[in-house]
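I opened this notebook to record what I looked up, entry by entry. The sequence and structure are shown first.

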Protein chains: 2
Amino acid sequence: MRAPRAVSSRAPPGGDAPRLRLRMRVMQGDAIAVGPGKIALLEALQRARSINGAAKLLGMSYRRAWLLIDELNAALREPAVRSATGGVHGGGSELTAFGEELIRLYRGIEQGAQRACADDIARLLAMIEPP
Amino acid sequence: MRAPRAVSSRAPPGGDAPRLRLRMRVMQGDAIAVGPGKIALLEALQRARSINGAAKLLGMSYRRAWLLIDELNAALREPAVRSATGGVHGGGSELTAFGEELIRLYRGIEQGAQRACADDIARLLAMIEPP
């Protein structure tokens, strides 16, 4: 089952090896309440501390970023993002403790899942022909 | 953090509760070698024992099912599906042992991941407003 992997000498080591992509979404009825896009946006906001800056980091329009955050806040029991007070531009935005916890849980589950299933994931990847 | 869930009396119990959707894909370069669609197709083929029957089970054209299986077989170290010999219609198709193992590993990882992270998943779901 686990034949030795033939590594092409052209490929950077491990660069093109088959890999697992795990995508988690929290569904609320038919809508995606939380998914990889919204989590990436929260993480960008954590760094940029403004919706405009976060949108730029992700190559997204301000309008789209604003709508995603508005949708996310509405889907949660408590908002993940709030306006920061003060500052010359009226303040920017920041994550709430609830928003930080949301990222922590989401990323923790992704990593925990891969760690818990590492052996079976390696077996699954070993069934794929290298590209 | 984990406020008691307010259950709407209109909703069927648990029917509309926020839920986690986990999607796993094995990437081979930029292409999806194995994903939920191909695994569902293999499972349908396991039941129907022909590509045509599997396609019908999934509401998919024969041509699309055939192409997906061809693509999957090419991406794997060994084929997941082979023609079955004999039978009045020239045989139909069946899973190989390799194909059965692929389903077993894929579904096992999905279930193992959810089991291993059950507590954090419950915490994440509890952050979402019921619809």
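At what angle do the axes of helix H1 (residues 36-48) of chain B and helix H3 (residues 62-75) of chain B cross? I found that these axes come within 10 Å and cross at roughly 110°. H1(B) and H3(B) are therefore roughly perpendicular to each other (65 to 115 degrees counts as such). I noted that axes are lines fitted to C-alpha atoms, for helices over the stretch in contact, with angles from 0 to 180 degrees between N-to-C directions. Helices (H or I, at least four residues) and strands (E, at least two) are DSSP runs, numbered from the N terminus.

**Sources.** I recorded that this is a predicted model, in which local features need pLDDT of at least 70 and side-chain atom pairs count only at pLDDT 80 or more, while totals for chains, interfaces and linings use all residues. Residues are numbered from 1 along each chain as its sequence is written, chains are lettered from A and ligands numbered from 1 in the order in which they are written, and side-chain values use heavy atoms, with hydrogens and water left out.

I then listed the residues in contact (heavy atoms within 4.5 Å). H1(B) contributes B:Lys38, B:Leu41, B:Leu42 and B:Leu45, and H3(B) contributes B:Ala65, B:Leu68, B:Ile69, B:Glu71 and B:Leu72.

**Sheet.** In what order do the 4 strands of the open sheet stand? I read the order as S2(A)-S1(A)-S1(B)-S2(B), with antiparallel pairing; two strands pair if DSSP finds at least two bridges between them. Strand S2 (31-34) of chain A and strand S2 (31-34) of chain B stand at the edges with a single partner strand each, so one side of each is left without a neighbour in the sheet. Neighbouring strands are turned by 55° against each other on average, direction ignored.

**Hairpin.** Strand S1 (residues 19-28) of chain A pairs with S2(A) over 3 bridges, and A:Met27 has A:Ile32 as its bridge partner. The hairpin has 2 residues between the strands, and A:Gly29 takes a positive phi near 60°.

**Chain A.** I counted 5 helices and 4 strands. Of the 131 residues, 40% count as buried (under 20% relative accessible area, 1.4 Å probe, protein chains only).

**Core.** Which residues touch the most other members of the largest nonpolar core? Of its 72 residues, these are A:Val34, A:Leu102, B:Val34 and B:Leu102. Such a core is a set of buried Ala, Val, Leu, Ile, Met, Phe, Trp, Tyr and Cys residues joined through side-chain atoms within 4.5 Å.

Methods
Parallel < 35°, antiparallel > 145°, perpendicular 65-115°, else oblique. Buried < 20%, exposed > 50% of the residue type's maximum accessible area, 1.4 Å probe, protein only.
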